[in-house]
Structure formats: C-alpha cells, structure tokens
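This briefing is for a reader meeting the structure for the first time. Please look over the sequence and the model before reading the points below.

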Amino acid sequence: MAQAEQSQTAPEVSTVEDTMKTATRFMVEDVATNGGYVWAYLPDFSRRWGEMEAYPSMVWTQAPGTPEMGEIFLDAYHATGDEYYYDAAMKAAQALIDGQHPSGGWNYVIDTAGEESIKRWYDTIGRNGWRLEEFQHYYGNATFDDHATVESGTFLMRLYLEKRDPEVKKAVDKAISFVLDSQYANGGWPQRWPDAPDFEKHGQPDYTGFITLNDEVAQKNIDFLLLAMQQLDRPELEEPIRRAMDLFIELQQPQPTPGWALQYTMELEPASARTYEPAAISPHTTDASIKSLFHFYELTGDDKYLAPIPAALEWLEKVEAPAEAHTDSGRNYYRYVEAGTNRFMAVRRRGSNAQNGEYYVNYDMTGEMAEKRVDTDALWQRYETLQATPAEQLIAQSPLYGNGPSLMPYYVVTDDIVGSDLNTQSDDGRDVTEARIHDLVQSLGEDGYWPTELRTTSHPYKGPGPDSPPEGFVDRGQVGDEWDTSPFTMESGPMGISTGTYIRNMSFLIEYVDERGDDQ
C-alpha cells in the first residue's frame, strides 16, 4: 500500500478505527438484508437500487454489491484484527450461500422472499427496463455476466482460506463445479447456465447459450480456476484452463477482420446478443482478447499465444474511428465493425419503452462519437517486450506450473470498485493523505453513513407502457418514457446511502490504518 503522508497532525489510528466501526455497524445492522446488499438506498429505505430498482427482500451480486462488501469487511479484518469484521463477512457470505443456484452459480440478484417474489419482479420492473434486456426475462439459472458468479465464488474462497469454515468450502466447491460443468468441450463458456427453456427475444433466438467473451467471461473464469488450482491444490484444473486459453486462438476471425467478437455460435461465428449487440467484430473485445493472450503467454511461455497478435493490432490501427469522432476523454474506437467488410456499425433506437421500442443497426455514422478507448501503441510495446522475454523466465513465475507468488492478495480493495453503479463513479485519485482521512472521519453522518448524492434513479413501475410513444416524447438516451424502468442520471439527486461510497471510503481508512497502526 502507498505510504501516507507523515505529519504531527495525523489523525489518531484509534479515531479512524472508531469511524470504520461506526460505518460498518450501520451497514451490517441497519442496511443489510439477511447479510446482503444492493447499491443505493434512500435514507428512509423507501426505495433502493441495484442495477435496477430492487425489492426490500433483494440483494445484488454485481459490483459494488454483496461480494464486494464481503471483501472490504475482510480487508478491515486484516487491518484491525477485529472479529466484528470477520463476522460481517460471514453474514455477507451467508447471503450468497443462501442465494447460490443449485447448479453452483449466481444470478445478478438474489430475492430472499423466494421464487414467486423474484418472478414477480422480472415480470414488472425487469420487463419494463427497455435498455436492460438481460432483466426482461427470468431464466431461473445462473450467470457469468458482470462477473456475478466469479466474484461471489472468489470472495467465498478468500473467506474460506481465513478459517477453513466447512460450510463456506461447500459453496466454493459448488462454484468451481459450476465453472467446470458449464464449460463447453471446445473450452468456451455460455453467458448463462444451465440451459433455460428456449424462447425468442424480440424476434431473435436466445443468446445466453452462445460462447461469450463479453464482460471478460472467459478470462474471469480462467482466472478463477487458476486461483482455485493454486489456493486449493487442485492440479486437475490445469486441463480446462488450457482448453479455454486455446479457444481464444480459434475465435480470432479471418482477414480482413482478424479481431474478436463479443459472443459466438458453436460454429465459432460471431453472433448477436441483446438487440443492440449485433453480430460484429468488436475493437474493445479485441483489445481485451489481446491482453488475455499476453497473459496466457506469461503463464506458459508458448509462442502460439503471441502469434495472433500482430494481425489483430494491424487491424485495430486500420479501424480506428476518424479523428473528428474522438472524445476529450480519449475514446477513439466505435463499438462495432462488420465482419468481412470493416464497415462501422451504428446502433440506434426508436420508440419510447420496452413495449413499443426497438433497436436497429445501420451504417450511417453521422454524428456518432467513439465509445471505447484502445491504446495500440501500448499493446505493441507489450507485445515486443514479451516477445523478447525468455519462456523459462516466465515459467519460473507461473502459477500454472506451481511457481510464483500467491494469487490471493492480502488486501483486495485497493482500487475503486464501480461496476455499473453510476453513483460511485470517481476520478479524484487514490492518494491516502491526512487531509482525505480527516475529511472522511469528519464527514461520516450522525446516522453512521457517508451521505452520497444519488444522481442515478429510475421511474417506479407503473404497469406496461403504451403501444406508441406519448405525444411530445423526446428520447434522452439512457431512459425512455415514464414507463421505462431503466436507471438514468439526473443533474442532481437526493442524498442517500451508497455501498460504493462505503467501500471506497473504507478502503482509504483501511490503508491508513495498515500504514500507521504499528507507529501509534
């Protein structure tokens, strides 16, 4: 951890620890639902949100939800030795264990009120989220999307390694089995598993069984298996890891578009997913796949993982968005490129809600700004560095060969955990200064939480929307008309309770205590 500034006016460690304990008691004893959490709450708890508005009985597995709260509790336990934090982590773990699908994975959301309650939520709030099609149908299975399963399983593995609790171990073993059982023979993974009954979605076949790279599904699963292989002494996991790594080579598309797509058919052809995700080659997925191949080379020293990269980088250089489409934040690539033609694809929508609206694709890029940032110069530099690194040097540090340091960090939350929560976006750095710590101690509210402006909200569910857009409706992009339950951001919002804020602020306080604890 970074060394905090030294000063005679440094906040007392005991004062910082008191602040941590007060904030944690509020989250554990006043906010949690059966040990689990969503993302944001109004102070009177009259409304609450994960990625969408949630019932009071619901907890969220997507970041910054229940797994991340468990991780920060364990970080606090490591920094202070206070058993209260371990007990808080166990409560978060119990929420995940209670909500673990029989197959061993997790859905985005757990409803502690049972199956009928979650079905009712999907039939109302979920179905009306125009922009969030993944919530418009209840599958009744588990997902790798947004790291829901892997982050839950990773937290439980870390918790198990603390005190070897046998009930936690059972859940970890089930999660590992889920990853193994859901892997296809070719090494890929679907987005959701087990298979759900067939249905058509907006006239298109269900996409959740396609081989998925979107949201780093394959890479995260490889990392999870590698962690389990090392931490739990499971050498048999090497074979599925290698099978998954090799599939990345097969998934690269031929010239003239030698990149990677978000998802694929079983014939390894690019496939569409949500109606705003056409079958296309994706520059940002190509960027992520190149970085995965770098990682695979570092694990194995095998040149076959570097071989696909030059063609992919040359392609990326050809399909960079025109300069006038670049943004001030450095975004320089459109989201989709048509396979075989290299034409840019624009995704647009018409209508006003999930009932009357639709997404469609055309090639008119007029006014379209780049959406993704890719640094090809940095990718070339890393490629050249790895190409010059002897394989034996890499293998000597590779956990795949039983070498190198532990993959399980002592502190997990050392960077901001944002996920899809728009209320916890932050760009003010990670410096742990005395001024910051002083402000965090002073700004904790009387009720025990750090008030956060909840600029992201949603329309309450009010029934199915009209069959045509209301008169005068203007599409703002994030949300449609008043029947659309998708979250959207306002210029200002009410003050409320945020798990993302709690996690971020606690991470600063933990770092301060870790650095200063032995000195006071």
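**Helix packing, strand pairing and one buried serine**

Helix α2 (residues 66-80) packs against helix α14 (residues 499-516) at an angle of about 20°, and their axes are 10 Å apart. The model is predicted: local features need pLDDT of at least 70, side-chain atom pairs count only at pLDDT 80 or more, and totals for chains, interfaces and linings use all residues. Residues are numbered from 1 along each chain as its sequence is written, and side-chain values use heavy atoms, with hydrogens and water left out.

**Helices α2 and α14**

- Axes are lines fitted to C-alpha atoms, for helices over the stretch in contact, and angles run from 0 to 180 degrees between N-to-C directions.
- The two helices, α2 and α14, are therefore roughly parallel to each other (angles under 35 degrees count as such).
- The crossing of α2 and α14 is left-handed, meaning that the near helix is turned anticlockwise from the far one by less than a right angle.
- On the α2 side, the residues that meet α14 are Glu68, Met69, Ile72, Phe73, Asp75, Ala76, Ala79 and Thr80; on the α14 side they are Thr499, Tyr502, Ile503, Met506, Ser507, Ile510 and Val513. Contact means heavy atoms within 4.5 Å.
- Ten of the residues in the contact of α2 with α14 are nonpolar, three are polar and two are charged (Ala, Val, Leu, Ile, Met, Phe, Trp, Tyr, Cys and Pro count as nonpolar, Asp, Glu, Lys and Arg as charged, and the others, Gly among them, as polar).

**The sheet β11-β12-β13**

- Three strands make up an open sheet in the order β11-β12-β13, with antiparallel pairing. Helices (H or I, at least four residues) and strands (E, at least two) are DSSP runs, numbered from the N terminus, and two strands pair if DSSP finds at least two bridges between them.
- β11 (336-337) and β13 (358-362) are at the edges with a single partner strand each, so one side of each has no neighbour in the sheet.
- β11 is joined to strand β12 (residues 344-350) by two bridges, and Val337 stands opposite Phe344 in β12.

**Strand β17 and its partners**

- Strand β17 (residues 495-498) pairs with strand β1 (residues 40-41) in the antiparallel sense over two bridges; Tyr41 has Ile497 in β17 as its bridge partner.
- Strand β14 (residues 452-453) is also joined to β17 by two bridges and runs antiparallel to it; Glu453 has Met495 in β17 as its bridge partner.

**Ser292**

- Ser292 lies in helix α9 (residues 283-300).
- Ser292 has a relative accessible area of 6% and is buried (under 20% relative accessible area, with a 1.4 Å probe and protein chains only).
- Apart from neighbours within four places in sequence, Ser292 is in contact with Gln219 and Phe248.

Methods: Angles under 35 degrees count as roughly parallel, over 145 as roughly antiparallel, 65 to 115 as roughly perpendicular and the rest as oblique. Buried means under 20% relative accessible area, exposed over 50%, partly exposed in between (1.4 Å probe, protein chains only).
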